[in-house]
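Visitor: I would like to go through this model with you. May I put some questions as we look at it?
Guide: Please do.

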Number of protein chains: 2
Amino acid sequence: MTEHSHLTVKNNTIVSVDAMGGDHGPSTIIAGLLLSTKQHSNIEFLVHGPEDKLAPLIEKHQLSKFCTIVHADSAVSMDDKPSQVMRHGKGTSMWSAITSVKQKEAGSCVSCGNTGALMAISMVRLRKLPGINRPAIAILWPSFGVNRFNVMLDVGADIRADENDLLQFALMGASYARNGFGVDRPRVGLLNVGTEEHKGRTELKLAYDLIMDTAETGNFEFVGFVEGSDIPTAKVDVIVTDGFTGNIALKTAEGTAGFIGRSLRQAFNYSLLSKLSAFFAYGPLRRLKRHTDPRAVNGGVFLGLNGTVVKSHGAADATGVAAAIGLAYRLGEAKFSTKLAARVASANGSIKEDRN
Amino acid sequence: MTEHSHLTVKNNTIVSVDAMGGDHGPSTIIAGLLLSTKQHSNIEFLVHGPEDKLAPLIEKHQLSKFCTIVHADSAVSMDDKPSQVMRHGKGTSMWSAITSVKQKEAGSCVSCGNTGALMAISMVRLRKLPGINRPAIAILWPSFGVNRFNVMLDVGADIRADENDLLQFALMGASYARNGFGVDRPRVGLLNVGTEEHKGRTELKLAYDLIMDTAETGNFEFVGFVEGSDIPTAKVDVIVTDGFTGNIALKTAEGTAGFIGRSLRQAFNYSLLSKLSAFFAYGPLRRLKRHTDPRAVNGGVFLGLNGTVVKSHGAADATGVAAAIGLAYRLGEAKFSTKLAARVASANGSIKEDRN
């Protein structure tokens, strides 16, 4: 093995972390790093942010041997407009974190910051994969599937998607499920208002045919149209939709879960007797929370770029941050970005051949 | 009071019922009628279906003094295509039930049958209100609002809606909330992927301005863009969206609630101890179910037609059927259809004046 290939392999286990994003500040993010080191013994971090703030936190958690600080003066705020950050964001920890992926100093990048800004900087710095028109954000949706979650994309990278974009989402989502979670031949569904073939908008009917024709080359199974109620089921592994619809569905599910959770708390707080019964129900309720816990599946992945970027929820606590970092680590280690590029190139090639 | 006006007032409390729709057959629907008579002492029914099947059921529940059977030989099935039913559906109980509303023999109509067929027959028989381009289906969404639910439309009458359709949905939804549920000045929100004014698709930005300009004439308050997570909250009474997005959101919420419900049952079935704690939690869990019970808010209303049609869930039990009938009764009694027509005409008038 040459020195260079050795270096490449090593860098795949390095995660580049924007320490300044997130609602709870760098201390929560560093606490998340600590949790990650207990799950992945050979993980290392490039930690981006102001050295004077980060050094004491890293010291405190005895993380020095895992971390290299990359100093960055400023940070992107939640209110910053993507267009501005794209032009003037050079000194920020977010920009610096993505640059480490571009320069192959790390296998992947994690940020809890402003989603729009993160996507904008990622586009500018990493560029789109050849053959990809619109990158997408893929999230993990709690489900009754074998992995306890399904992959859903796009949930908001772009509000538009035509039939070719939807085909690319299918290819990328299947590759993500395969490389990230070991689903050999992912079952892909296209989100629609009914499962009959004649239903829905024109671009959905066109995408139906395109995805069907590409399933074999893309090494996935196409289960056809699926409905909103199918998203958390075991009948599908990857759900494909445009970023407008995906974002509405995701936030509606969050709202529904919040509504039921609050109703459950109200029901157990209703009377002295119901408060007592909450004590007895503690075990099952904790088990429910664990199964439906969004922290366990935290991490939206940007697909379609030359490099892997994971967006963690802004409100994530240390457990949530560790989940996002674990995901980034697995994808980096599997060289997912390279495999995805090959998959897209091969599918595009075969589509072109078919058309010739 | 003349004989004729007396008749008109009387007919408003008559509900026309398609007894042959629904997954559980006519016996469940007649059981639902029985429950309704306990809630509304002056309610009466025109019951549409085969006389030889319906007469014994009505007899059994001692409902003869509330019911007039209107004989119809055949029934629309769940698999029938709307286009076929529109042309050949004349002898069906569904067609007959809607015809009673057209002929003002009843103040409103309820069916548990095929939604597409019901909308198609309603369009053909009742016709669109002057000034309405696309009718919409409005449903009640469990929420933390004062009425414990919000109004959401369109959830699937049509997969398209331009800015003018969305404006009409806002007017109709506000009128429905006012007349159906006594919300004096409903707060209307437009569903989007973010609350900032610059976000979303072009037709949404155009609709934003149109709805804003019409709020005062339409006697509602416009709260601007809302997100999926806002649907079950108390910050809005009426949520406006196109039928594609609305249908995806509705089914995603159903899927999420089903996922959490099943997870909750699994959690309580986990061990002997957790089964025991389920016994103690019986009261709070029943209270939760009541608060989030879809049966209590069963009933999608078709808005934008010359007459009120309520679609009950196909799987509704007697309680669910009674909820849909109660809704139809209230709307019929309030002469909602006439008031809605006046509201749409007045808003259209003022829009035209503004443009002159």
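Visitor: What pLDDT does chain A average?
Guide: This is a predicted model, and chain A averages a pLDDT of 88. A score of at least 70 is reached by 87% of the residues of chain A.

Visitor: Where does pLDDT stay under 50 in chain A?
Guide: That applies over residues 1-9 of chain A. For this stretch the model has one contact beyond four places in sequence. Where pLDDT is low, the predicted coordinates should not be read in detail.

Visitor: And what ipTM does the predictor give the complex?
Guide: The ipTM is 0.86, and the pTM is 0.88.

Visitor: How many residues are in contact between domain 1 and domain 2 of chain A?
Guide: Domain 1 of chain A has 24 residues in contact with 18 residues of domain 2 of chain A. The area buried between these two domains is about 1600 Å², and carbon and sulfur atoms give 64% of that area.

Visitor: Which three residues supply more than any others on the domain 1 side?
Guide: They are A:Met119, A:Gly304 and A:Leu327, which supply 29% of the area that domain 1 of chain A buries against domain 2 of chain A.

Visitor: How many salt bridges cross that interface?
Guide: The rule finds zero salt bridges between domain 1 and domain 2 of chain A.

Visitor: Which elements give two or more residues to the domain 1 side?
Guide: In chain A these are helix H6 (115-126), strand E11 (309-311) and helix H12 (318-333). The largest share, eight residues, comes from H12(A). By class, this side of domain 1 of chain A has 13 nonpolar, seven polar and four charged residues.

Visitor: Let me turn to the backbone. Is the peptide bond from A:Leu153 to A:Asp154 cis or trans?
Guide: The bond from A:Leu153 to A:Asp154 is cis, with omega near -5°. A:Asp154 is found in the loop between strand E6 (149-153) and helix H7 (163-181) of chain A.

Visitor: What about the bond from B:Leu153 to B:Asp154?
Guide: That peptide bond in chain B is cis, with omega near -5°.

Visitor: One last point: is phi of A:Lys104 positive or negative?
Guide: Phi of A:Lys104 is positive, near 60°, in a residue other than glycine. A:Lys104 is found in the loop between helix H5 (93-102) and strand E4 (108-111) of chain A.

Key
Residues numbered from 1 in each chain as written. Chains lettered and ligands numbered in written order. Predicted model: local features only at pLDDT ≥ 70, side-chain atom pairs only at ≥ 80, totals over all residues. Heavy atoms only, no water. Contact = heavy atoms within 4.5 Å. Buried area = accessible area lost by both parts, 1.4 Å probe. Salt bridge = Lys/Arg side-chain N within 4 Å of Asp/Glu carboxyl O. Helix = DSSP H or I, 4+ residues; strand = E, 2+ residues; numbered from the N terminus. Nonpolar A, V, L, I, M, F, W, Y, C, P; charged D, E, K, R; others polar. pLDDT = per-residue confidence, 0-100.
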